[in-house]
Amino acid sequence: MCNYIHSFFIFAQKSKMETAKSRRTIRKYKSQDIDADLLNHLLDTACRASTCGNMQLYSIVVTRSQQQKELLSPAHFNQPMVKGAPVVLTFCADFNRFSKWCKQRNAVPGYDNFQSFMNAAMDTLIVVQTFCMLAEEKGLGICYLGTTTYNPQMIIEALNLPELVFPITTVTVGYPDECPNQVDRLPLQAVLHQEGYHDYTVGEIDKLFAYKESLPENKQFVVENKKETLAQVFTDIRYTKKDNELMSANMMEVLKKQGFLK
Ligand SMILES: Cc1cc2nc3c(=O)[nH]c(=O)nc-3n(C[C@H](O)[C@H](O)[C@H](O)COP(=O)(O)O)c2cc1C
């Protein structure tokens with residue numbers, strides 16, 4: 001019996017591994033809807049993921065209506081996936097529900113601080129990624145929207161998020177209507193450190209980024225943006241110091257307003 005379970009486990013692992021290895025972000029979806037039972041099943045299973053102290057410090061807002069998508073769209077800089085996907089999921093760090101339970105049970109919650117926000121944010125991201133892997137295994141395509149933390153206040157208003165609830169990320173989901181090429185990753189040795197952190201020499205950085213820099217699409221990126229190097233496309237255009245500082249200040253404001261930085 002044990003052997004049978006073990007073989008089944010290995011088989012199941014393999015198929016999960018294959019899905020993970022061949023995945024890519026999907027930004028174009030068929031108009032086919034996602035069955036509510038399937039979506040709930042995936043989300044329910046995702047909620048089996050590890051969670052800090054089993055407190056489940058997250059909430060998931062499901063958006064299917066065109067009206068709500070219209071409301072959310074500007075917060076995501078009108079990225080077409082918001083209106084183009086049958087389902088938009090906003091995953092939020094949530095200490096509201098747990099704090100309310102504490103208060104109703106004669107317990108004093110002490111969760112209006114940064115450590116608690118981090119715990120809730122970690123719980124949220126774990127459940128999100130578990131959901132994404134399960135969804136991809138069922139043939140669905142997903143795209144994360146990092147814009148969620150660029151404009152958190154707009155999302156808080158659109159979704160009526162109360163104190164101690166903060167949007168961490170959004171995922172658009174649907175049946176794929178495209179099959180883009182997989183994009184590169186750094187070699188494993190770039191991210192792996194044995195026993196302790198081994199800092200990178202100039203030569204190692206050159207070597208580890210060489211493949212990425214050699215790709216025609218990345219070379220094209222450099223030319224199109226009139227830059228000298230691919231790194232400059234990141235620092236000067238895609239993720240600039242100015243934008244990051246502005247969004248950091250904004251995020252701190254909204255975290256205070258949501259009661260996480262008392
Ligand atoms: C936290 C996070 C935020 C992201 N935000 C966006 C986004 O706003 N728009 C978008 O088109 N893709 C977004 N993506 C998708 C990434 O661009 C994509 O995962 C990356 O380019 C690697 O491609 P792959 O997932 O196909 O391997 C995001 C991914 C992550 C993990």
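**Arg185**

I started with Arg185, which counts as exposed at 61% relative accessibility (buried means under 20% relative accessible area, exposed over 50%, partly exposed in between, with a 1.4 Å probe and protein chains only). Arg185 sits in the loop between strand 4 and helix 8; helices (H or I, at least four residues) and strands (E, at least two) are DSSP runs, numbered from the N terminus.

**Ground rules**

This is a predicted model, in which local features need pLDDT of at least 70 and side-chain atom pairs count only at pLDDT 80 or more, while totals for chains, interfaces and linings use all residues. Residues are numbered from 1 along each chain as its sequence is written, and side-chain values use heavy atoms, with hydrogens and water left out.

**Overall picture**

I noted twelve helices and four strands for the protein. Its C-alpha trace spans about 60 × 60 × 50 Å along the principal axes. Of the 262 residues, 35% count as buried. The protein exposes about 16,400 Å², and carbon and sulfur atoms supply 56% of that area (Shrake-Rupley method with a 1.4 Å probe; for residues, only the protein chains shown count as cover). I then checked contacts (heavy atoms within 4.5 Å): among those between residues at least 6 apart in sequence, 77% join residues at least 24 apart.

**Salt bridges**

Side chains of opposite charge can pair when their charged atoms come close. How many salt bridges does a search of the whole structure find? I got eight, taking a salt bridge as a side-chain nitrogen of Lys or Arg within 4 Å of a carboxyl oxygen of Asp or Glu.

Arg23 pairs with Glu136, with the closest N and O atoms 2.9 Å apart. Arg23 is in the loop between helix 1 (2-22) and helix 2 (36-46), and Glu136 is in helix 6 (residues 114-137), so this pair links distant parts of the chain, 113 residues apart. Glu136 is buried, at 12% relative accessible area, and Arg23 is partly exposed at 25%.

Glu70 forms a salt bridge with Lys83, and here the closest N and O atoms are 3.5 Å apart. Glu70 belongs to helix 3 (residues 66-72) and Lys83 to helix 4 (residues 81-84), so the pair ties together parts 13 residues apart in sequence. Both are partly exposed, Glu70 at 43% and Lys83 at 40%.

Asp184 and Lys212 meet at 2.9 Å, N to O. Asp184 lies in the loop between strand 4 (165-174) and helix 8 (188-191), and Lys212 lies in helix 9 (residues 202-214), so parts 28 residues apart in sequence are tied together. Buried or partly exposed: which is Asp184? Asp184 counts as buried, at 17% relative accessibility, whereas Lys212 is partly exposed at 22%.

**Nonpolar cores**

Next I went inside. A nonpolar core here is a set of buried Ala, Val, Leu, Ile, Met, Phe, Trp, Tyr and Cys residues joined through side-chain atoms within 4.5 Å. The largest has 32 residues, of which Leu72, Phe95, Phe117, Phe166 and Phe260 touch the most other members. Elements giving two or more residues to this core include strand 2 (87-94), helix 5 (96-104) and helix 12 (241-257). Helix 7 gives the most, with four residues.

I followed up on Phe166: leaving out residues up to four places away in sequence, its contacts include Phe91, Phe117, Met251, Leu255 and Phe260. A second, separate core has 21 residues, among them Ile34, Val127, Leu140 and Val171.

**Helix 6**

Helix 6 has 24 residues and should span 34 Å at 1.5 Å a residue; its end C-alpha atoms are 35 Å apart, which agrees (expected span: 1.5 Å times one less than the number of residues). After helix 6 comes Gly139, with a positive phi near 90°.

**Surface patch**

Last, I found a nonpolar surface patch of about 500 Å² made by Leu186, Leu188, Val191, Leu192, Ile205 and Phe209. Patches are made of residues with over 30% relative accessible area and no salt bridge, with like charges joined within 9 Å and nonpolar side chains (Val, Leu, Ile, Met, Phe, Trp, Tyr) within 5 Å. Helix 8 and helix 9 each supply at least two residues of the patch. Leu192 is in the loop between these helices, partly exposed at 43%.
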